[in-house]
Amino acid sequence: MVNIRVARAEDMPGMQACNLQNLPENYTMRYYLFYMLSCPQLSYVAEDEGKVVGYILARMEDDVPEGDEPHGHVISISVLRPYRRLGLARKLMVQSQEAMARVYKAAYVTLHVRKTNRAALALYRDTLSFGVHEIEKSYYADGEDAYVMRRSLMHLVQS
């Protein structure tokens, strides 16, 4: 049975393995550690019999412009192929967003997604109610544009 829980330092190799298998954007262990220590309540793993099969790495934005509200950002999310279509990505996203709202009073959450990533776009837009906020040209190392997507968390902050 797959369990969702807060990520711990010992999960980093499993998180990195998920990332390397599924995503073209890869991170060093230092990167994972920095965000897990900075906002420990926001990153989660999905584990099956002790093996990390999915994760979400998230943070609160530090440099909030004058007049803007506190908000979170999903850095990376990945689920191993055999575990897809089980609702794990949705559960990971919901857990992280609820923590953003509860712990940090985040008004909204953002993420970047490749314009060509249809599966992720469907999850974010259709299942999780994100909307396209803007397009960031040549955001990815290969030059592909990214949608900057955004979802309000005010309904969670107020409850």
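Which backbone nitrogen lies 3.2 Å from a polar atom of the side chain of Glu 144? That of Lys 115.

1. Basis. This is a predicted model: local features need pLDDT of at least 70, side-chain atom pairs count only at pLDDT 80 or more, and totals for chains, interfaces and linings use all residues. Residues are numbered from 1 along each chain as its sequence is written, and side-chain values use heavy atoms, with hydrogens and water left out.

2. Glu 144, placement. Glu 144 sits in the loop between strand S6 (131-136) and strand S7 (146-152). Strands (E, at least two residues) and helices (H or I, at least four) are DSSP runs, numbered from the N terminus. Glu 144 is buried, at 17% relative accessible area; buried means under 20% (1.4 Å probe, protein chains only).

3. Glu 144, partners. Its side chain makes a polar contact of 2.6 Å with the side chain of Arg 114. A polar contact is a pair of N or O atoms within 3.5 Å; within protein, one must be able to donate a hydrogen and the other to accept it, and residues adjacent in sequence count only if both atoms are side-chain atoms. Leaving aside neighbours within four places in sequence, Glu 144 is in contact (heavy atoms within 4.5 Å) with Arg 114, Lys 115, Thr 116, Ser 138 and Tyr 139.

4. The lining of the largest pocket has 21 nonpolar, 9 polar and 7 charged residues. Ala, Val, Leu, Ile, Met, Phe, Trp, Tyr, Cys and Pro count as nonpolar, Asp, Glu, Lys and Arg as charged, and the others, Gly among them, as polar.

Terms used:
Buried means under 20% relative accessible area, exposed over 50%, partly exposed in between (1.4 Å probe, protein chains only).
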